[in-house]
Amino acid sequence: MMNMKNSMLVKFVWLMGIAIVCTCQDFDFFYFVQQWPGSYCDSNKSCCYPNTGKPASDFSIHGLWPNYNDGSYPSNCDPDNHFDPSQISNLTRRMQREWPSLACPSSDNLRFWAHEWNKHGTCSDSILNQHDYFATALNLKEHINLLQILRHAGIEPNGELYSLASIKDAIKGGIGYDAWIECNTDPSGNNQLYQVYLCLDTSASKVIDCPVFPHGKCNSKIEFPQF
């Protein structure tokens, strides 16, 4: 993603006739990013399953990222607002399933979740507190079933090559909005379906047309590897 800029907007807010300073978050939309674990693992950078075992053969959440319309993004907006696992204790089971870390060494996923909150979530805390940030992403994942959408279009994670256009068309047909596809490469140098970006409004409640897409390019045909 592109360069960062200051995400903090200082405003005077009147509360019971007294002017107080409010440091509010300023961003234009969210990226909601899901990744295919088979592509994460099928690369020169190896993967490690979390301590809970091999994740399901399904897309998993990477993150919910505030962004600006010019392609830049806020980051690490409140260093005092640390990730607190107790805030999401009722979500942990779902998160272990839907938001696993594949980074090495194997972990309990907490470091991954902390990174996502500290870097991205703190920049939308005026809209979504820590619990709601993670709950919103989980609910989005539940309602945006990418694997089901692709399978309905005959696109299966079977190691075959599919046209990039057919993947984009399938997602738009299932959701109603264009997605941006990020590819990575396997050890043989083949492009493969890695991550899917969708855009949401600033409440993270509605899919919208993306104001801007990230940089990067996939080949016209890409692999959808098994996992």
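I began with the link between Cys-48 and Cys-104, which form a disulfide with their sulfur atoms 2.1 Å apart; I note here that the model is predicted. Turning to the geometry of the Cys-48 and Cys-104 link, I found 100 degrees about the S-S bond, and the link is right-handed.

Next I went to Cys-41 and Cys-47, which form a disulfide with 2.0 Å between their sulfur atoms. The link of Cys-41 and Cys-47 is right-handed, with 100 degrees about the S-S bond, and both of these cysteines are buried.

The next disulfide I looked up joins Cys-199 and Cys-210, with the sulfur atoms 2.0 Å apart. Its torsion about the S-S bond is about 105 degrees, so the disulfide of Cys-199 and Cys-210 is right-handed. This pair links distant parts of the chain, since Cys-199 is in strand 7 (residues 191-200) and Cys-210 is in the loop between strand 8 (207-208) and strand 9 (221-223), 11 residues apart. Cys-199 and Cys-210 are buried.

How many disulfides does the count come to? I wrote down five disulfides, and, with the bonded cysteines of the chain numbered in sequence order, the pairing reads 1-2, 3-5, 4-6, 7-10, 8-9.

The largest pocket has a volume of about 530 Å³. It is lined by 24 residues, and the closest to its centre are Tyr-40, Ser-101, Leu-102, Ala-103 and Phe-112. The elements that give two or more residues to this lining are strand 4 and helix 3, and helix 3 gives the most, with five residues. Sorted by class, the lining of the largest pocket holds 10 nonpolar, 10 polar and four charged residues.

Which residues of helix 4 are buried? I listed Gln-130, Tyr-133, Phe-134, Ala-135, Thr-136, Ala-137, Leu-138, Leu-140 and Lys-141. These buried residues of helix 4 pack against strand 3 (29-35), strand 4, helix 2, helix 3 and strand 7.

My last entry concerns Gln-148, which lies in helix 5 (residues 146-152). Is Gln-148 buried or exposed? Its relative accessibility is 56%, and because exposed means over 50%, Gln-148 counts as exposed. I also looked up the separation of Gln-148 and Gly-174, whose C-alpha atoms are 9.2 Å apart although the two residues are 26 residues apart along the chain.

Conventions
Residues numbered from 1 in each chain as written. Predicted model: local features only at pLDDT ≥ 70, side-chain atom pairs only at ≥ 80, totals over all residues. Heavy atoms only, no water. Disulfide = S-S within 2.5 Å. Buried < 20%, exposed > 50% of the residue type's maximum accessible area, 1.4 Å probe, protein only. Helix = DSSP H or I, 4+ residues; strand = E, 2+ residues; numbered from the N terminus. 1 Å grid on protein atoms, 1.4 Å probe; cavity = no way out; pocket = protein on both sides within 12 Å on 5 of 7 lines; lining within 4 Å. Points joined across faces, edges and corners; volume = space filled by probe spheres on them. Nonpolar A, V, L, I, M, F, W, Y, C, P; charged D, E, K, R; others polar. Contact = heavy atoms within 4.5 Å.
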